[in-house]
Amino acid sequence: MKALLILGLALLLAAGVWWTGKRGAGPGAAFAERLYQKGVLNAAGRAELLSRMRKGTLSVWETDSTGEQTAQVPTNGPPGILAFCAEAFQNEFQYRTFNQEMLYELMELANDSADQAPGKSRVRVVSKYAATLKRFHNDTVAFTRWYRQQLPARLRIEDAIRAEDSVGEMGWTIYPPLSAISPPLTHWISEQRSAFGKTRTRTARDLFALGLIEQPVYEELQRQLRMGQLRTEAEVCHTASELTQHRATYARTKAEQLRWLRRLQRAGVLSEAQHQRLVRNYQPFQLYKPFDLLAYCERGRIVDLRKLPRQPEALYPALFAQLPALLPGFHYTNLRVTTSIKDFGPTSLAQNVTLSFRAGGRRYEDTFWQDFINKDGTDPNPPLGAQVSEYFQRSLNQWLADQNSPLRLYRASTPDARSVYGNERLGLIAMTKAQRALWGPAYYFLSDESHDNRFNSTHIEQLIADYRQLGLFSQLSAAELVKGREAALRGHKTSYAAVLLCFPNVIHPIDWESAISPAPYAARTRALAAISRGGFAPTHIQDGFNPDLPEDATFSFGFRLGGQAYGMRLKINSDWLDTDFVDLIKRALREQHAPGQLYDCLGGEGYIFLTPTQHAQLSVTQPELFEAPADNLEE
């Protein structure tokens, strides 16, 4: 009798705690109970949802009028509850698939342990399954059935759920990344509900029946389900949350977008006629996506890449044909496009494109990376449309700079089924710096372009003459000067460092994460000597680095300069170089009264050797040389 009394008190206490939590959670608390009763959440999921409601930690993302994600907004309403359900389903997928024992065995198969004889762990794992398979007389079906029975119960949850919707071929277990040794596992979803997509249509129906989503949202979910766009329960809940939040904030967001469209019109991005057309054509609960607005802009255009040729020799002429309508005064001739191939590893090739044309009495030429292809000629990741290099507009923007134009040509991207950038459609728009600012950060939407006309072709010619007079090119041959000048006038330069990098042995860029081969410090010491124009001439360079040295080990590094030995112990730090080796070189230069010194440039990713006079002059006329990183000159 006493035991029954204690049990009853415990149940009353638990119920009291749950009810207190429910009361503190606000009006949305009823939804937590309904989701539990409907078999979406289990008891732990209901408790977690109520706890977050009490703490006010449910939230959704709100976006501004340009479609940029801005901030998380707390809400205990349906959008926040649906966002929690999406998270719960995502976590449940991990809970039902993470198999730590199998993960360790996969790691053993992939990497033999250092403290075992080579192949020992691999043999052990393979032998284990070979012996078990033998017990079943090589019947793999019986073996698989037996193996499943050995799995933890949570890994068999999905097997017991009848598939109401078809799912993709995912197998009966999902291997997580080998780096995820022990992810936090939460179990907030009912075991009668799939996390693999088997019950996604019922989940959408239940969200509607529970009152979490309205009829239009439910109809949109059904449409996307029919189209195969929603593959799992988590995706259903996530989309429902976004659509519901959109409807809840639509009036305010539309008003913001209308004000933004008016700013675009006043800045000359949209004509008055196109602005009025856009305002008239709003559909219920519609917001314009920034990418789609390009078709209405004065100097904008959207190109369907699926309809363009894939070969660069035909692709870029087709794109150039669109440009005179976007770039005032652009008339080009002698357009040439050629491709070249470079080896890139054991199975891949890097395809580069050289694009040249004449405009305004000048010849423009640029070489840029186009794509990776397999050595058998196939594409490792076939795009949905023609592949347009992210660098193709560099020479065009150099032409604009040569005209002292305030415009720059931007490329715009929009996601597709393959990536956040996408390559089904390409947007092109010419804008001033002030017009570009109206689109917000737009990191994934618009390319990054410089409006600095100081680096037009005329100014670059003058810079080259100034650098020669200053003595920065005294070590270069006539052929190297000609080649460097041609490189400096290609593409679109946006910094002094970018111009200097076109000439050999002037700036030495350093990849600090490159301690991966024997004697990397000796190679960099010789490279720093090469840019010194004879001011740093070390001998007897010693480099004891070896990539096989253990972590935190030290090794000797040194050289002789002016008859004096300089040396120190450097540290191993994974594949990162120890920056102390440069400090040793700088000290040696000071002590030997060298004619110059090494100065940081490229934002700390490179060095330039200058005499005191050269450094003093450049510090006044080109201070950003010692601060700003250079352009990415990929070829």
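**Before you start.** This is a predicted model: local features need pLDDT of at least 70, side-chain atom pairs count only at pLDDT 80 or more, and totals for chains, interfaces and linings use all residues. Residues are numbered from 1 along each chain as its sequence is written, and side-chain values use heavy atoms, with hydrogens and water left out.

**Whole chain.** Show the protein chain as a cartoon. It has 22 helices and 14 strands. These are DSSP runs numbered from the N terminus: helices are H or I, at least four residues, and strands are E, at least two. Of its 635 residues, 45% are buried (under 20% relative accessible area, 1.4 Å probe, protein chains only; exposed is over 50%, partly exposed in between).

Select 300-304, which is β3. Click Arg 301: its bridge partner in β8 is Leu 428. The three strands form an open sheet in the order β3-β8-β7, with antiparallel pairing.

**The loop.** Move to Val 420, in the loop between β7 and β8. Is Val 420 buried or partly exposed? Val 420 counts as partly exposed because its relative accessibility is 39%.

Definitions and conventions: Pairing = 2+ DSSP bridges.
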